[in-house]
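Good morning, and thank you for coming. I would ask you to keep the sequence and the coordinates open while I speak.

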Amino acid sequence: MSVNPPFRADIVGSFLRPEAVSSARARFAAGELEAAELRAVEDEAITALVARQAQTGLRVATDGEFRRSWWHFDFFGMLDGVEVVELDHGIQFQGVQTRPRGLKIDGPVGFPDDHPMLEHFRFLKPVAEAAGVTPKFSIPAPTVLDFRLEAEALARSPYDHRDDIVEDLAATYRSAVQAFYDAGCRYLQFDDTAWAYLCSDVELAKAAERGIRTDHLAERYANLINAALRDKPDDLVVTTHVCRGNFRSTWISSGGYEPVAEQLLGETAFDGYFLEYDNERSGGFEPLRFLPKGDKVVELGLITTKTGELEAADDVVRRIEEAAEVAPLEQLALSPQCGFASTEEGNVLTEDQQWAKIDAAVAIAGRVWGDA
């Protein structure tokens, strides 16, 4: 198996929250627990989670996003100039809406030196290294912030037009990348729903209603990503996960990667791509033809996190073989299709089913790529 990230068997990042964490966070929100007490509960749970990830045979571990409520809003709300606010609507998934939260820009956007997630990584790093695995940390991509801004989100900001935020947003992420690197991070991931939405006519229409100029948006987002990664150190691996929505086992967008594959795979400076391929909504493997030959890796998300039903190993191997007809097998790898809990509510499966999925990914990856 690969000794450097992204790994032949890898993970997107989030895990179902243990009851102890969920209970402690609820008590903290109710004012019944101090911040230090909550952190102690989270520390203990993360330490146990890292050990469990190592036991499965993974070479990577995350903190499960146990300190977060949302995969994206928590990070964005800790940036300078960005505020998480309550709206009159949530994000619409299939048959359900999230809690009614959104983003407002109320000042110049920037990355603060004391962004709390730096400390989250500083806790994870020694715990993971003691377990013999590589610590991985995930943050939302800059494209997500841009794509999720409502029409009035900039009304009280220093930016006259939504395109005016792009330069500061790229600079913010250059600072974030460097700050995580300085904290010791060598495996960072940008979680991103925007690219999947660009594959959906329905979501593009909604974006236009929010005031987004949708023509050539894939090219503009590739430029934004590359500006954010412009100063990335050579020994820092940065991947991205392209998500179609993940809330309580539901989803948002449908459509294969063809509309964005050339820009996403061929033009962005990522080292790897976690792509969802767990159902027909994801389309076929043909867009993988845009993966440049070389060191970049596509993690095939063939194992769903939305249900507890375990995929047949032979079926997963067959699909890897199909993908290898388009892209070189040595540039492919295997992961679950998404995280298990992109929000603290989590997907509808049990912890035992969650770990069975991870065990399967490790076993199948070993079967396909061996130990070399």
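Predicted model: local features only at pLDDT ≥ 70, side-chain atom pairs only at ≥ 80, totals over all residues.

Helix α1 covers residues 19-29 and helix α2 covers residues 35-55. Their axes lie 9 Å apart, and the packing angle is about 170°. Any angle over 145 degrees counts as roughly antiparallel, and α1 and α2 are therefore roughly antiparallel to each other. The handedness of the crossing of α1 and α2 is left-handed. Which residues make the contact? From α1 they are Ala20, Val21, Ala24, Arg25 and Phe28, and from α2 they are Ala35, Leu38, Val41, Glu42 and Ala45. Sorted by class, the residues of this contact comprise 8 nonpolar and 2 charged, with no polar residue.

The second pair is α6 with α9. Helix α6 spans residues 166-182, and helix α9 spans residues 217-228. Here the axes are 7 Å apart and the angle is about 40°. The two helices, α6 and α9, are therefore oblique to each other. The crossing of α6 with α9 is right-handed. On the α6 side we find Val166, Leu169, Ala170, Tyr173, Arg174 and Val177, which meet Leu224, Ala227 and Ala228 of α9. What is the class make-up of this contact? It has 8 nonpolar residues, no polar ones and 1 charged residue.

Helix α11 runs over residues 313-323 and helix α12 over residues 351-369; their axes come within 10 Å and cross at roughly 50°. That angle makes α11 oblique to α12. The crossing of α11 and α12 is right-handed. Helix α11 contributes Ala313, Asp314, Val316, Val317 and Ile320 to the contact, while α12 contributes Ile364, Arg367, Val368 and Trp369. The contact of α11 with α12 has 7 nonpolar and 2 charged residues, and no polar ones.

Rolling a probe the size of a water molecule over the atoms shows where empty space is left. How many cavities of 30 Å³ or more does a search of the whole structure find? The search finds 3. I shall discuss the second largest cavity, which holds about 40 Å³ of space. Its lining consists of Arg174, Val177, Gln178, Ala228, Leu229, Asp231, Lys232 and Pro233. Helix α6 supplies the largest share of that lining, with 3 residues. By class, the lining of this cavity has 4 nonpolar, 1 polar and 3 charged residues. You will recall Arg174 and Val177 of α6, and Ala228 of α9, from the contact between those two helices; these residues also line the second largest cavity.

Lastly, the backbone. Most residues other than glycine have a negative phi, and most peptide bonds are trans. Where does this model depart from that pattern? The bond joining Pro5 and Pro6 is a cis peptide bond, with omega about -10°. Pro6 belongs to the segment before α1. Glu65, a residue other than glycine, has a positive phi, near 60°. Glu65 sits in the loop between β1 (60-61) and α3 (73-77).

That concludes the presentation, and I welcome your questions.

Note on methods. Residues numbered from 1 in each chain as written. Heavy atoms only, no water. Axes fitted to C-alpha atoms, helices over the stretch in contact; angles between N-to-C directions. Helix = DSSP H or I, 4+ residues; strand = E, 2+ residues; numbered from the N terminus. Parallel < 35°, antiparallel > 145°, perpendicular 65-115°, else oblique. Left-handed = near helix turned anticlockwise from the far one by under 90°. Contact = heavy atoms within 4.5 Å. Nonpolar A, V, L, I, M, F, W, Y, C, P; charged D, E, K, R; others polar. 1 Å grid on protein atoms, 1.4 Å probe; cavity = no way out; pocket = protein on both sides within 12 Å on 5 of 7 lines; lining within 4 Å. Points joined across faces, edges and corners; volume = space filled by probe spheres on them.
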